[in-house]
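User: Hi! I would like to learn how to read the inside of a protein model. Could you walk me through one?

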Amino acid sequence: MDFNLTEEQLLIKQAAKDFAQNELLPGVIERDELQKFPKNEVQKMGELGFLGMMVDPKYGGSGLDTLSYVLVMEELSKIDASASVIVSVNNSLVCWGLETYGNEEQKEKYLTKLASGQIIGAFCLSEPEAGSDATSQKTTAIDQGDHYLLNGTKNWITNGGTADVYLVIAQTDKEKKHRGINVLILEKGTDGFEIGPKENKLGIRGSDTHSLLFNDVIVPKKNRIGEDGFGFKFAMKTLAGGRIGIAAQALGIAAGAYELALKYSKQRKAFGTEISNHQAIAFKLADMHTQIEAARYLVYKAACDKDKGHDYDLSGAMAKLYASKVAMETTVEAVQVHGGNGFVKEYHVERLMRDAKITQIYEGTSEIQKIVISRSILK
């Protein structure tokens, strides 16, 4: 086991940290309050190569490993989880799915622009009645010969209003159940495709989350990824990698809150000394640090499994389950360490606490992760 990062990985980590401090931090509170999408910041992340990190350079990507991507996710999430989830979706769900399963024409047309950050993508699986139960797709894509007729609704779609390309999971043949599901590439502006109102969320408020509506939308058959009926497998394989990105996001949120709590504990005085000298606070910090380190190695292990070509369903699910739990617990404790100031926006920890909760829900709830883990260990 080698726990040391390479020189290149250390440089990438530092670049992400510098970007987060210099570009994301200055406006993060305002973006959260106004639910403002970080448009300029996303453009800069594209220029830095953060939106297509694992994509082959011949398609405009950075050609880096999953661990490098995780390091970037961690650093960005310490400051702004709304920005990091955009990176996660574009990398893990959209670019990876297209590069792994798309044909050459699809890669040339869409992947090159997505990987270089010229455009961003969205992954459309969840529905009003199909969240954790992804097999219950009500959105239909009826085969019309040379095209599909798309009808239905998608919910809670990250980048829903700002994406240019959407990967839509839809049911073509109900009789075949999950084997009758397809994934289609849909472009913004297509007739019959509507974007619903922006969701008013508890956390990651700068992220652009919308419902999407499809009313007799014509999607050319050439925009289907993979063979007929491949959609459900595509979604599950893609989400398995997506879990690693969200696990890294949860890790970053936890680490960011811990770093703020540690710094504050050395400055704030009570009963004649810095509060870090009080055992009640020192023990909180000890627990936070230990749990974060444990989460970090679970996340890094999952990333390394993916890079080595090993099965990462189990390691990815464990990483997401534990890191999201640590994110929630650590941010709550960080607010507690800050006392009354922890309830005030300018100290950042209350926002991190609100952002942490979603990591236990999206890209597979904690309960779904336990199903994945238990099935794996009981095989």
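**Cores and a buried strand**

Analyst: The largest nonpolar core here has 93 residues, and Leu-76 and Val-299 touch the most other members. Helix 7 (residues 231-265) gives the most to this core, 18 residues. A second, separate core of 17 residues includes Ala-122, Ile-157, Val-168 and Phe-214. This is a predicted model: local features need pLDDT of at least 70, side-chain atom pairs count only at pLDDT 80 or more, and totals for chains, interfaces and linings use all residues. Residues are numbered from 1 along each chain as its sequence is written, and side-chain values use heavy atoms, with hydrogens and water left out.

User: What is a nonpolar core?

Analyst: A nonpolar core is a set of buried Ala, Val, Leu, Ile, Met, Phe, Trp, Tyr and Cys residues joined through side-chain atoms within 4.5 Å. Buried means under 20% relative accessible area (1.4 Å probe, protein chains only).

User: How many residues of strand 4 are buried?

Analyst: Strands are DSSP runs of E, at least two residues, and helices are runs of H or I, at least four, numbered from the N terminus. In a regular strand the side chains alternate between the two faces of the sheet. Seven of the seven residues of strand 4 (residues 165-171) are buried, so this strand is largely enclosed by the rest of the structure. Val-165, Leu-167, Ile-169 and Gln-171 point one way, while Tyr-166, Val-168 and Ala-170 point the other way.

User: Which strands pair with strand 4?

Analyst: Two strands pair if DSSP finds at least two bridges between them. Strand 1 (residues 121-124) pairs with strand 4 in the parallel sense over four bridges, and Gly-121 stands opposite Val-165. Strand 5 (residues 181-187) runs antiparallel to strand 4, joined by seven bridges.

Notes: Buried means under 20% relative accessible area, exposed over 50%, partly exposed in between (1.4 Å probe, protein chains only).
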